[in-house]
Amino acid sequence: MALPLPASASGMLRIVGGNSTDTGQEPWMVALASRSVYGNSRSGQFCGGTLVSPTKVVTAAHCLYDESTERPADRPDLRVIVGRTDLSTSDGAEVPVSRVWIDPDYSMSSNMWDIAVLTLAVPQTGRPVLPLVPQGATAPYLAGTTATVYGWGDTSGRGQYPYVLHQVQVPVVGDAVCQRDYPGGPDGTFRARAMVCAGEQSRGGKDACQGDSGGPLVVGGQLVGLVSWGTGCAEAGHPGVYSRVAAMANAVRGQL
C-alpha cells in the first residue's frame, strides 16, 4: 500500500468491510504518527505497527520512506502511539523512537522485504506483545486460512477516515492465484518468497489499504504479515499483498 497523504487530503484508504475494535482487545496494536507531516487530526497517524517486545515495534519499511525521493524519510517527531483506540483522544502514550532498522534488502521499486523495526525510547513494560511467526513457517499461509488485519485507514476508499481502530477477517489467497492477479505492472509483481496475499479475491469487499500500511496480519495469535501494497482497495481480483513475516522473522529477531 502506498504511503498515505495527510489525513486532510483525499486518496487515503483503510480497513474496508470490517468493524471497530479497541486496543484493550489488541493491546499490541500501535499507530505510527508524525504531527509535523500529517497534522494533529487523528493524532498525526499515518501507518500501523505491532508491539513484539516491550521496546520493539514491527512495521513496513515503506512507511519510513519518502515516496518522492525513494529515500528514508526525515521525521524527527516520529512517535509510536500505544493504548489509543480513538485517535481523537489523548489516551495511552505517544512514545519517541530511538532507533529505526530497515531491512537492508528492502526495495521500494519491487516492494520486496518490506519490513522495519522501531526501537522505543520508553519500554512498554507490562503491555502484552504479539509473537512473531517462526522463520520458515508455512501453515499460516495455506490458502483459505482465516486471518485478521487491523488499522485506522479509510473504510470506503473515498477518504472517509475513522478515528477508531478497525479490523476485518480475510482469507489467505494461494500463491498461484496471487501470481495471476499480480503478474507485473505499475503497481508491482507478486513474489511468494517475501509476500502473501489475503482478501476476498473473487468478490472483493474486504481488504486493508494505504492508511493501514505496516499494520499486522494475524493468524493463530501470531504476526504473520504486514500490510504492504496492492491495486485499489477491496477490488475483486486484487487482494491485499502483505510482507510474509515468516521469510524475515530471523532478521527481525536479530533486532530484538
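Me: What makes Pro 104 count as exposed?

Reply: Exposed means over 50% relative accessible area, buried means under 20%, and partly exposed lies in between, with a 1.4 Å probe and protein chains only. Pro 104 has a relative accessibility of 66%, so Pro 104 counts as exposed. Pro 104 is found in the loop between strand 8 and strand 9, where helices (H or I, at least four residues) and strands (E, at least two) are DSSP runs numbered from the N terminus. The C-alpha atoms of Pro 104 and Asp 114, which are 10 residues apart along the chain, are separated by 9.9 Å.

Me: What should I keep in mind about the origin of these values?

Reply: This is a predicted model, in which local features need pLDDT of at least 70 and side-chain atom pairs count only at pLDDT 80 or more, while totals for chains, interfaces and linings use all residues. Residues are numbered from 1 along each chain as its sequence is written, and side-chain values use heavy atoms, with hydrogens and water left out.

Me: Why is the pair Cys 47 and Cys 63 called a disulfide?

Reply: The term applies to a pair of cysteine sulfur atoms within 2.5 Å, and the sulfur atoms of Cys 47 and Cys 63 are 2.2 Å apart, so the pair forms a disulfide.

Me: How do you know the handedness of the disulfide between Cys 47 and Cys 63?

Reply: The torsion about the S-S bond of Cys 47 and Cys 63 is about -90°, and therefore this disulfide is left-handed.

Me: How many disulfides does a search of the whole structure find?

Reply: The search of the whole structure finds two disulfides. One of them joins Cys 178 to Cys 197, with an S to S separation of 1.6 Å. Cys 178 lies in helix 2 (residues 175-181) and Cys 197 in strand 12 (residues 195-198), so this pair ties together parts that are 19 residues apart in sequence. Cys 178 is buried, and so is Cys 197.

Me: What makes strand 3 and strand 4 a pair?

Reply: Two strands pair if DSSP finds at least two bridges between them; strand 3 and strand 4 have three bridges, so they pair, and they do so in the antiparallel sense. These two strands form a hairpin with two residues between them, and Thr 50 stands opposite Val 58 in strand 4. Strand 4 is also joined by four bridges to strand 9 (residues 116-120), the two running antiparallel, and the bridge partner of Val 58 in strand 9 is Val 117. From strand 4, Lys 56 and Val 58 point one way and Val 57 and Thr 59 the other way, and all are buried.

Me: Why is the contact between Glu 94 and Arg 35 called a salt bridge?

Reply: A salt bridge is a side-chain nitrogen of Lys or Arg within 4 Å of a carboxyl oxygen of Asp or Glu. The closest N and O atoms of Glu 94 and Arg 35 are 2.6 Å apart, so the pair forms a salt bridge. Glu 94 is partly exposed, with a relative accessible area of 28%, and Arg 35, at 31% relative accessibility, counts as partly exposed. Glu 94 also meets Arg 84 in a salt bridge (2.7 Å, N to O), and Arg 84 is buried, with a relative accessible area of 4%.

Me: What makes Arg 244 and Asp 175 a salt bridge?

Reply: The closest N and O atoms of Arg 244 and Asp 175 are 2.9 Å apart, so by the rule already given the two form a salt bridge. The pair links distant parts of the chain, with Arg 244 in strand 15 (residues 240-244) and Asp 175 in helix 2, 69 residues apart. Arg 244 is buried, with a relative accessible area of 11%, whereas Asp 175 counts as partly exposed at 31% relative accessibility.
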